[in-house]
Amino acid sequence: MMIHKIRYFESKQLSEGIYLQDVVNEFLSQKGENIIAVLPVMDSALLVHYKE
């Protein structure tokens, strides 16, 4: 059984020189086909819905 999970990414929590898009892309590549949706939240945050 797959469980629906949500991962929150916020650029303000990242170290200097690390970009939100790079972190999210790395996460997406690890989860592959289990990604359901990537949704923006305000200016500097994203929610990624995925199954595990």
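**From a hairpin to an aromatic cluster**

In this predicted model, strand E2 (residues 35–41) and strand E3 (residues 45–51) run antiparallel and are joined by six bridges. Within this pairing, Leu39 stands opposite Leu47 of E3. Three residues lie between the two strands of the hairpin, and Met42 there adopts a positive phi near 55 degrees.

Strand E1 (residues 4–10) includes Glu10, a residue that is buried yet forms no salt bridge, since the nearest side chain of opposite charge, that of Lys12, is 4.5 Å away, whereas a salt bridge requires the side-chain nitrogen and the carboxyl oxygen to be within 4 Å. When residues up to four places away in sequence are left aside, Glu10 touches Leu20, Ser44 and Ala45.

The structure also holds two aromatic pairs. The ring centres of Phe9 and Phe27 are 5.3 Å apart and their planes stand at 65 degrees, so this pair is edge-to-face. Because Phe9 belongs to strand E1 and Phe27 to helix H1 (residues 20–31), the pair ties together parts that are 18 residues apart in sequence. Phe9 is buried at 4% relative accessibility, and Phe27 is likewise buried, with a relative accessible area of 6%.

Phe27 also pairs with Tyr50: their ring centres are 5.1 Å apart with planes at 80 degrees, so this pair too is edge-to-face. Since Phe27 lies in helix H1 and Tyr50 in strand E3, this pair ties together parts that are 23 residues apart in sequence. Tyr50 counts as buried at 7% relative accessibility, and ring pairs thus link Phe9, Phe27 and Tyr50 into a cluster.

Definitions and conventions:
Residues are numbered from 1 along each chain as its sequence is written. This is a predicted model: local features need pLDDT of at least 70, side-chain atom pairs count only at pLDDT 80 or more; totals for chains, interfaces and linings use all residues. Side-chain values use heavy atoms; hydrogens and water are left out. Two strands pair if DSSP finds at least two bridges between them. Helices (H or I, at least four residues) and strands (E, at least two) are DSSP runs, numbered from the N terminus. Buried means under 20% relative accessible area, exposed over 50%, partly exposed in between (1.4 Å probe, protein chains only). Lys and Arg count as positive and Asp and Glu as negative; His and the chain ends are not counted. Contact means heavy atoms within 4.5 Å. Rings of Phe, Tyr and Trp (its six-membered ring) pair if their centres lie within 6.5 Å; planes under 30 degrees apart count as stacked, over 60 as edge-to-face and the rest as tilted.
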